[in-house]
Amino acid sequence: MAEADRTGTNPGEALRTLIARHSPALILIDEWVAYARGLYGRDDLVGGTFDTQFTFAQQLTAAVQSVPGALLLVSIPASDVRFDEEVAAPTGSDLEIGGANGRAALQRLQHVVSRVAHNWTPASSGESFEIVRRRLFTEPDAEGRRKIDATVRRFADYYRNQTGELPPETRQVEYEARLRAAYPIHPELFDRLYADWSALERFQRTRGVLRMMSAVVHSLHASGDDAPLIMPGSMPLDDPAVRDEVTAYLDDAWRSIIETDIDGENAAPLLIDKERPLFGRRALTRRIARALFLGSAATLDSGHKGIERQRVFLGVAMPGDSIGNFGSALQMLSDRATYLYSEGTRFWYDRQPSVNRMVTERAQALDIEDVYAKAESLLGNAVGTAPEFADPVIAPKATSDVPEAESVRLVVLHPRHAFAAKGKDSPGWRFADELFRHRGSAARQNANTLVMLGADQNRWNEVEEALRTHMAWADIAAGVRDLDLTQSQAEHARRRESETRAVVDQRLASAWIWAAFPEQTDGSQPPSLTTMKVEGDDRRLAVRAGLRLGRDDVVYTNTSPLALWLVFNGHLRSRWNRGYLSVGELWQYHLQYPYMPRLRDRRVLEDAIRSVMTDAGWSERGFALADDYDEETGDFIGLRIPFEAASAGSIDDSTLLVAPRLAEEQLARERAAAVAQPATDSGRDLPSASGNGAGSAAGAAGLPPVPAPDPAAPRIPDVRFEGEVDLLPGKDLRAQLIELVDEVLVHLQTADPDVLEIRLSVAADKMTGFDAGTVRTVSENARQLRLAPGRFTEG
């Protein structure tokens with residue numbers, strides 16, 4: 001054997017004898033192609049010629065095959081085995097093989113070895129888990145395994161709760177097993193290295209992964225990183241050793257890309273994290289940039305470049321992260337990174353700068369008034385229509401821009417009039433407060449018709465940022481020819497214009513969330529502005545606001561006779577005490593005073609008035625209708641009583657709403673008069689006591705018309721006294737009653753009247769219901785004092 005080696009000849013049978021003598025034997029030969037290619041075209045070397053080298057290979061494989069217990073392992077370059085475009089045979093990487101000489105050596109070696117060899121493929125990604133684990137980490141003990149199981153369960157549970165934002169396989173049991181097998185390295189990191197990076201010519205599948213992970217683990221350990229797993233987002237590209245190892249397989253241009261857009265001292269992700277503390281506390285944007293780089297850099301020259309959004313998030317998300325923030329961080333990174341591109345849900349870093357930097361500069365240079373104008377134009381389409389409001393008023397710049405009206409309007413405030421989440425010191429609050437009080441320099445009359453909807457200050461800042469970005473992309477997309485953009489850049493600009501418009505629409509709808517309206521719980525006190533947060537899923541501002549305000553009884557699209565009766569005996573008690581109220585006067589109260597229910601429009605009021613004609617409880621909590629009131633006779637003209645009259649008739653400003661007691665008393669008088677003085681048989685129609693035979697209550701009931709009084713009969717003055725008074729519940733009731741008795745009732749009693757009727761009417765309402773003690777005491781005392789009915793009822 002030694003002589004054959006010295007002379008560069010084949011050892012012949014001595015080779016088999018040597019192997020048999022030392023069997024069982026394992027022979028390892030590495031870099032054989034690299035050795036053989038050095039012999040190509042040379043005949044002056046001690047190692048022999050190129051041809052004798054492969055004669056030796058043939059003899060060696062035959063000898064090993066004939067000796068029991070002998071095994072020969074030969075490594076052949078396969079880190080980038082691929083198919084050439086012109087030939088169907090697989091070829092190795094020229095960088096790995098070494099040019100034409102190496103290719104010739106590889107073909108000869110494959111021909112010789114493949115006749116008797118069994119091919120053994122390189123380590124799979126699953127096997128690589130064990131290779132890296134065994135080379136870089138010690139085996140865990142029992143306590144370590146318990147901690148590993150706890151970590152894996154937390155990740156698995158976290159993934160199962162993130163529906164839609166992560167790849168579907170993460171919610172399967174098999175993925176939990178992969179997490180456990182790969183620990184402490186995340187399976188997604190191995191997948192990216194074996195699926196993407198192994199396609200690079202200079203990256204050796206097993207050795208390259210091991211070298212890269214060795215640098216990463218050392219860096220993370222040295223920096224005291226305590227993350228539960230090593231993930232794509234954990235790659236410390238700010239460490240020179242890791243950055244050098246990673247960029248060794250890429251073009252030199254990637255060094256500046258990493259510095260500018262990924263992990264440099266002033267890289268875009270770090271600046272975003274500093275501006276947004278919510279992101280910065282978990283280095284969210286930086287981790288997303290790292291995962292995006294690892295998943296896209298190696299695919300740039302492939303036919304399917306980039307990485308899916310879900311894969312980016314998988315390379316970052318860990319328990320404690322709010323995935324809802326990932327999209328915002330990725331969007332901000334897309335807007336500000338110089339080398340980042342996107343198409344649909346795929347993202348990638350490219351060696352060529354995108355137009356993002358130009359977009360950023362143009363967005364920052366936009367005048368705020370131009371941004372306001374764009375927002376105004378978009379608000380008009382975002383408002384929509386809702387049954388709670390009439391035509392909206394969009395972005396008034398002054399209070400004079402909102403005219404008086406007789407229906408509730410939604411005033412969508414200008415972006416400059418935004419609300420702060422807390423306190424009254426905000427432009428939106430000040431403008432809304434001034435708006436319901438004044439119209440220009442004049443006092444506003446119909447304050448109860450206004451509902452303002454303003455933007456949240458923090459959310460408007462996000463809308464402004466999105467608007468600036470969208471306007472800049474739209475400007476660039478419109479100027480493709482002037483800017484001399486490539487086709488790829490032009491398509492990217494048009495795509496980003498569309499994508500940023502969608503972001504603007506979403507943020508615009510979610511920003512206008514503060515409803516403001518005047519409120520006045522006590523008519524004796526001045527009204528004040530009240531705000532309410534109106535959020536929801538519907539993007540139409542009017543619909544979302546209408547649903548909340550209608551549900552909370554801020555705006556009424558319908559009402560009832562009972563609700564009107566409660567108003568009469570509440571805020572309008574002093575006016576209702578006279579026994580009637582005109583529709584026109586009532587409507588003016590609704591328009592002007594915020595203590596009144598805010599009715600959408602007059603139709604709501606008139607519908608409620610008409611419905612009283614079929615309301616069985618009208619005599620207790622309702623009203624009748626009339627056309628007019630005769631001051632001399634004290635009768636109502638055209639009196640229409642529910643269930644007595646056929647319909648409510650026409651309703652206008654002069655229509656009167658009549659207290660039930662007065663309506664019933666007039667009906668009784670008309671019926672009594674009709675019975676006492678029946679109509680003559682002369683055949684002529686006699687007018688009723690109300691002055692309107694066709695519309696009187698008696699006529700409506702089918703009774704004969706009441707004859708007109710004899711004009712010759714003398715009228716006796718001061719034959720009747722009537723009076724009603726409202727006691728003040730907040731004052732001393734005992735003193736008020738004593739004063740009423742002493743100053744009025746005693747005088748009437750001593751005047752020896754023919755009839756003296758004194759009634760005390762008590763009505764008390766409590767929305768939440770009276771407590772049990774009050775109910776028991778009042779009910780017992782009312783029964784002793786003979787108050788009828790003297791009982792509590794349900795509301």
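**Around Trp197**

Analyst: Let's start with Trp197, which touches Arg192, Phe203, Met212, Val246, Tyr249, Leu250, Phe293, Leu294, Ala297 and Ala298, leaving aside residues up to four places away in sequence. Keep in mind that this is a predicted model. Trp197 belongs to the largest nonpolar core, a set of 72 residues, and is listed with Phe293 and Tyr349 as having the most contacts inside it. Helix H11, residues 205–222, supplies the largest share of that core, with 8 residues. There's also a second, separate core: 39 residues, including Tyr589, Leu591, Leu605 and Met613.

Now for the helix packing. Take H20 (residues 368–383) and H24 (residues 487–511): their axes come within 11 Å and cross at roughly 65 degrees. An angle of 65 to 115 degrees counts as roughly perpendicular, so that's the label H20 and H24 get. As for handedness, the crossing of H20 and H24 is right-handed. On the H20 side the contact uses Leu378, Leu379 and Ala382, and these meet Arg501, Val504 and Leu508 of H24. Sorted by type, the contact residues come out as 5 nonpolar, 1 charged and no polar.

On to the backbone, where two cis peptide bonds are worth a look. One runs from Ser23 to Pro24, with omega near -5 degrees. Pro24 sits in the loop between helix H2 (13–21) and strand E1 (25–29). Another cis bond joins Tyr183 and Pro184, and here omega is about 5 degrees. You'll find Pro184 in the loop between helix H9 (173–182) and helix H10 (187–195).

Glu31 isn't a glycine, yet has a positive phi of about 60 degrees. Its spot is the loop between E1 and helix H3 (32–37), and Glu31 counts as partly exposed because its relative accessibility is 43%. Ala395 is another non-glycine with positive phi, near 50 degrees. Ala395 lies in the loop between strand E8 (393–394) and strand E9 (409–412). At 5% relative accessibility, Ala395 falls under the 20% cut-off, so Ala395 counts as buried.

Notes:
Residues numbered from 1 in each chain as written. Predicted model: local features only at pLDDT ≥ 70, side-chain atom pairs only at ≥ 80, totals over all residues. Heavy atoms only, no water. Axes fitted to C-alpha atoms, helices over the stretch in contact; angles between N-to-C directions. Helix = DSSP H or I, 4+ residues; strand = E, 2+ residues; numbered from the N terminus. Parallel < 35°, antiparallel > 145°, perpendicular 65-115°, else oblique. Left-handed = near helix turned anticlockwise from the far one by under 90°. Contact = heavy atoms within 4.5 Å. Nonpolar A, V, L, I, M, F, W, Y, C, P; charged D, E, K, R; others polar. Buried < 20%, exposed > 50% of the residue type's maximum accessible area, 1.4 Å probe, protein only. Core = buried A, V, L, I, M, F, W, Y, C linked by side-chain atoms within 4.5 Å.
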